[in-house]
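Have a look at it below, and then we will follow a few of its side chains together.

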Amino acid sequence: MNKVLKTLEEVRIEDWIWIIYLFLASFALIANFFEKDYLLNGNKVSKKAFKTINIAIFIIVFFIYLYFVLLTYSRFKEKEEHMSIKSMIITNANFIAACLFLIGGIIYLLTEIASDNETDIDIL
C-alpha cells in the first residue's frame with residue numbers, strides 16, 4: 001500500500017476514534033451524574049454505576065492508546081534513510097508520547113479499579 005493510501009486509512013480510523021471520544025464524553029457526564037447522586041444522597045447503587053462506567057471508559061481509552069502506540073511504533077520502525085534530524089526527533093518524540101499516554105491510561109484504569117475514594121477526579 002502506498003504512503004498516501006496508508007495515511008488516508010489512518011485518518012479514517014482516527015475519525016472513528018473521535019466519534020468514540022464523543023460517546024466517551026457522554027458516558028463521562030452520565031458517570032458524573034451518578035457520582036453526584038452518591039455524594040449527595042449516599043446511594044450505593046449510584047456509586048457502583050459511576051465506578052463501572054469509569055472503568056469501562058478507561059478500558060476503551062486503553063485500547064485507543066494502544067492503537068496509537070502500535071501506529072507510532074510502525075512509523076518508528078519505518079524510518080527512512082533520508083529522514084531529516086528534525087523528522088527523526090519528531091517521530092521518536094511521538095512514539096515516547098504515545099507510550100506515556102498508554103502508561104498513564106493503565107495507571108488510571110488500575111487506580112479506578114482499586115480505589116474506594118468517592119472524590120477522585122478522573123481525566124480522560
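R12 counts as partly exposed, because its relative accessibility is 46%. In this predicted model, the side chain of R12 meets that of E9 in a salt bridge, at 3.1 Å from N to O. E9 is also partly exposed, at 37% relative accessibility. R12 and E9 sit 3 residues apart in helix α1, so about one helical turn separates them.

Why do such pairs form? Side chains of opposite charge can pair when their charged atoms come close. The whole structure holds 4 salt bridges. In another of these, E10 meets R75 at 2.5 Å, N to O. This pair links distant parts of the chain, with E10 in helix α1 and R75 in helix α2, 65 residues apart. E10 counts as buried, at 9% relative accessibility, while R75 is partly exposed, at 36%.

Next, find K6 and E78, whose side chains form a salt bridge of 2.7 Å, N to O. K6 belongs to helix α1 and E78 to the loop between α2 and α3, so this pair ties together parts 72 residues apart in sequence.

Now turn to the largest pocket, with a volume of about 380 Å³. Among its 16 lining residues, K3, R75, E78, E80 and M83 are the closest to its centre. The lining divides into 3 nonpolar, 6 polar and 7 charged residues, and α1, α2 and α3 each supply at least two of its residues.

Finally, look at the surface: W16, I19, F23, F27 and I30 form a nonpolar patch there, with about 540 Å² of accessible area together. I30 lies in helix α1 and counts as partly exposed, at 38% relative accessibility.

Methods. Residues numbered from 1 in each chain as written. Predicted model: local features only at pLDDT ≥ 70, side-chain atom pairs only at ≥ 80, totals over all residues. Heavy atoms only, no water. 1 Å grid on protein atoms, 1.4 Å probe; cavity = no way out; pocket = protein on both sides within 12 Å on 5 of 7 lines; lining within 4 Å. Points joined across faces, edges and corners; volume = space filled by probe spheres on them. Helix = DSSP H or I, 4+ residues; strand = E, 2+ residues; numbered from the N terminus. Nonpolar A, V, L, I, M, F, W, Y, C, P; charged D, E, K, R; others polar. Patch = residues over 30% accessible without salt bridge, like charges linked within 9 Å, V, L, I, M, F, W, Y side chains within 5 Å. Areas by Shrake-Rupley, 256 points an atom, 1.4 Å probe, with all protein chains shown as cover. Buried < 20%, exposed > 50% of the residue type's maximum accessible area, 1.4 Å probe, protein only.
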